[in-house]
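Here is a short briefing on ring contacts and helix packing, written to be read alongside the model. Have the structure open and follow the residues as they come up.

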Amino acid sequence: MSLADQACYTLINVPMDAEPPTEMQLKQDLEKGDIKSKIEALKKTIQMILNGEKMPSLLMTIIRFVMPMQDHMIKKLLLVFWEVVPKTLPDGKLMQEMILVCDAYRKDLQHPNEFIRGSTLRFLCKIKEPELLEPLMPAIRQCLEHRHSYVRRNAVLAIYTIYRNHDFLIPDAPELIANFLEGEQDMSCKRNAFMMLIHADQDRALNYLSSCIDQVTSFGDILQLVIVELIYKVCHTNPSERARFIRCIYNLLNSSSPAVRYEAAGTLVTLSSAPTAIKAAATCYIELIVKESDNNVKLIVLDRLIALKEVPAHEKVLQELVMDILRVLAAPDLEVRKKTLQLALELITSRSIEEMVLILKKEVVKTNNVEHEDTGKYRQLLVRTLHQCSVKFPDVATSIIPVLMEFLGDQNELAAADVLVFIREAVQRFEQLRNLVMAKLLEVFPTIKAVKIHRAALWILGEYCTSGEDIQSVMTLIRQSLGEIPIVDDEMKKAAGEVQDEEIQSGGAVQRLVTADGTYATQSAFSTASTRKKDDVPPLRQYLMEGDFFVGAALSTTLTKLALRYISLHKNPKTQNAFVAESMLIMATIIHLGKSGLPAKPITDDDVDRIANCIRVLAERTDLMNEIFNKECRGSLSLMLAAKIEEEKAVQEASENKVVRVHADDPISFTQLINRADLGTGENLFELTMSQALGMNTKKETDPMGSSKLNKVTQLTGFSDPVYAEAYVNVNQYDIVLDVLIVNQTSDTLQNLTLELATLGDLKLVEKPQPLTMAPHDFCNIKANVKVASTENGIIFGNIVYDVSGAASDRNCVVLNDIHIDIMDYIVPASCTDTEFRQMWAEFEWENKVAVNTNITDLPEYLQHLMKCTNMKCLTPEKALSGDCGFMAANMYARSIFGEDVLSNISIEKPAHLGKDASVQGHIRIRAKSQGMALSMGDKINLSQKKSLRPGGA
């Protein structure tokens, strides 16, 4: 086994700028120096040995001059030194000097100081040579009876590791530890002893557990955790034992330790699928989430609850606990609340919907008086949840709508916008609620503070006000929101009136100003800036004065709809003309104001055209326009809602399709006919979590030929170089493992061959690879770990340096080819709503615009190719992309495993005049929060835009 592959127990940080001392200096310090000098010299010796230096001459010096010393720091360093120093000769035999070392450690095992005894026992766990351990066995056995628990628990660990590696040295270890366990009182000692019995002699461990199964709840948490692990392993391998131990797991659900309760709940779920077991485990999880203060713990346990819900049989049990799950909303973290609401919404039934709505209403009321960073977002979450509740169960919509309507006057525009989306859908879907919604909307309309909310509310009022009284009420509200009309005249009068008021108060009719040349000048009231407070200005007029005339165009459409409907309701020409004239006056005054120069920004041509069209429609009053304004608009809304429902159904069906059903040709399992060994065929949970933690691949090998692995092999040097190297890059979430194959292509022995690596970007090399000695034409593998901090293109570069045995020249160096880390290993497709996409698009400050340069001639094919290369998900619905018009625009979204968002908008076309074989043209805009992400994604698109042409076809 090469040095690089040897087990490593101790990691020591070595300063990079420190100069390595000579062997003579170290020898002198170790022989004649004071305690401080000896400590420093010993540290440097350890560091040099770890870096591959061989120092055989220092061995006897340390035995003679350092080992007899009683200083605790020196003793600690000596434990590290004896761990890392080579203990055998080249032929594999133990060095003679080790006998002296063995004797010194026998004395330390009998030392009166418990710290020295305990740390020596810990050190012995790392020794692999049986010749060194054999003389120490009597002393190790004696340590089991020491008065101090620190010594006893380390003695158990030492016996366990010695028995595991060299059982012939202590064949009666399980019996010895079982007897020790019977009389031991300290929990940490009992835990270590019980852990050893689990792995060394499971029957003895089970017998001990059976003897004290009623006292398990009084044990310490460290021992309870080990008991849970044992029960799981026993029941997994031998399911017939479940009945014997499952009561113990139930009892541990009430343990005082949260860690024990969490593990016990997880074990109970895997051992039993009975409704009572699932309910007990789920209740335990909910209590943990509510009581634990750490948000990470809350999220982990919530994920366990969500995983429980995924099993169809367990879902019914969880539906009964939905009210308990909603207790988690007391947590302040937004992510926890979001997951909780999502879980509750999926578990809600017609029996619990009313209670859930009551709780959500209380949460809504709570957010009114709380000013917190996430209050607005939480309010938005509550609105969306209530919306989905009313869509699922229309009966509760009556009680939800009045509560949600209060949000329209809220400062948080996002929550108010979600309320309006919900109201629009409710009015369209549930005809019986229209009167209630319209009455409430007319009531809260004066409290609305945001222009977008005003605009949407006007649309709803214009579309669904059908009675003459409601239409008159809307007109009154509009007049109140605009103030006196014509607006231009009113503004001019107010400006003049205010100036006169000020002049009267100051005592003069005309304000006189003295110019620079000494002459008098008078000031006109119309040129004086208005000092009125914004609060006094009606809301719609304020928007218009600020230059937002889009709301004026929306108001014109609403007035046109209302006027046309009013005409159909009232047959009296006089009242008809009065209403139409008032509507046309409001539209005309908006155009007049837009062109007067009084607002901050003038009216746009689009808004002028739209308002003028509305005036023309009211003047002409044709049947076609009446049809368009009063029927087609609502038809478009119903089509959009129908498409949305279809989309939701498709997503739901797709998720349901994932449920594995029993196939027609599957064999039927009869419990009575199955072997005992086959009963526990499920995966071992502990092994599974361990492999996930270590980053090992738990998926089945879908690529038997390893072709995808070969794609990740990077050639680092040329075939003609004296040293050939290639690396397999294995990306595992937050770190990268480089498995470098090095081949000595020369006929010389290469000494001190070192792989020197450096990184560029947010990458960090975890440890420096050890130097090697390579025989002629030999090869070896070196592993290097690199930590990744963020999603941006990283580069690993370096060289291989070595000495040729017997050559007098300087060190040889082979420069390696750069390894480019592909960011696609960290990017995963994600989805978000249109509103969230627009919000992020506005917030993200880094944009990268990439021109399309490809040989692909089909627009949908280019989009699919781009999605495949960038791991991004297309948010634009399939219906919007279907058809062939020679142009395509789509939004795409993805997230990195570090939580970074990346958005892209593609705008591509295929000009008709260039023919059928013309390539796709256009550009892609990428936006991200960080510069590195935007640039890296742009580089990736540039590199992969063109489709590679294979022989015999594209």
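Phe194 and Tyr208 are both buried (under 20% relative accessible area, with exposed over 50% and partly exposed in between; 1.4 Å probe, protein chains only). This is a predicted model, in which local features need pLDDT of at least 70 and side-chain atom pairs count only at pLDDT 80 or more, while totals for chains, interfaces and linings use all residues. Residues are numbered from 1 along each chain as its sequence is written, and side-chain values use heavy atoms, leaving out hydrogens and water.

**Aromatic pairs**

- Searching the whole structure gives eight aromatic pairs (rings of Phe, Tyr and Trp, the last by its six-membered ring, with centres within 6.5 Å; planes under 30 degrees apart are stacked, over 60 edge-to-face, the rest tilted).
- Phe81 and Trp82 are edge-to-face because their planes stand at 70°, with the ring centres 5.0 Å apart.
- Phe81 and Trp82 are both buried.
- The pair of Phe194 and Tyr208 is tilted, with 55° between the planes and 5.9 Å from centre to centre.
- This pair links distant parts of the chain, 14 residues apart: Phe194 belongs to helix H11 (residues 187–200) and Tyr208 to helix H12 (residues 202–211). Helices here are DSSP runs (H or I, at least four residues), numbered from the N terminus.

**Charges over rings**

- Arg337 sits over the face of Tyr378, 3.8 Å from the ring centre (the criterion is NZ of Lys or CZ of Arg within 6 Å of the ring centre and within 35 degrees of the ring normal).
- Arg164 lies over the face of Tyr160, at 5.1 Å from the ring centre.

**Helix packing**

- The axes of H4 (residues 72–84) and H6 (residues 114–124) come within 10 Å and cross at roughly 10° (axes are lines fitted to C-alpha atoms over the stretch in contact, with angles from 0 to 180 degrees between N-to-C directions).
- H4 is therefore roughly parallel to H6 (angles under 35 degrees; over 145 is roughly antiparallel, 65 to 115 roughly perpendicular and the rest oblique).
- Their contact (heavy atoms within 4.5 Å) includes Leu79 and Trp82 of H4 and Phe115 and Phe123 of H6.
- Helix H13 (residues 221–237) and helix H15 (residues 258–271) have axes that come within 9 Å and cross at roughly 10°.
- That crossing makes H13 roughly parallel to H15.
- Among the residues in this contact are Val228 and Ile231 of H13 and Val260 and Ala264 of H15.

Key
Helix = DSSP H or I, 4+ residues; strand = E, 2+ residues; numbered from the N terminus.
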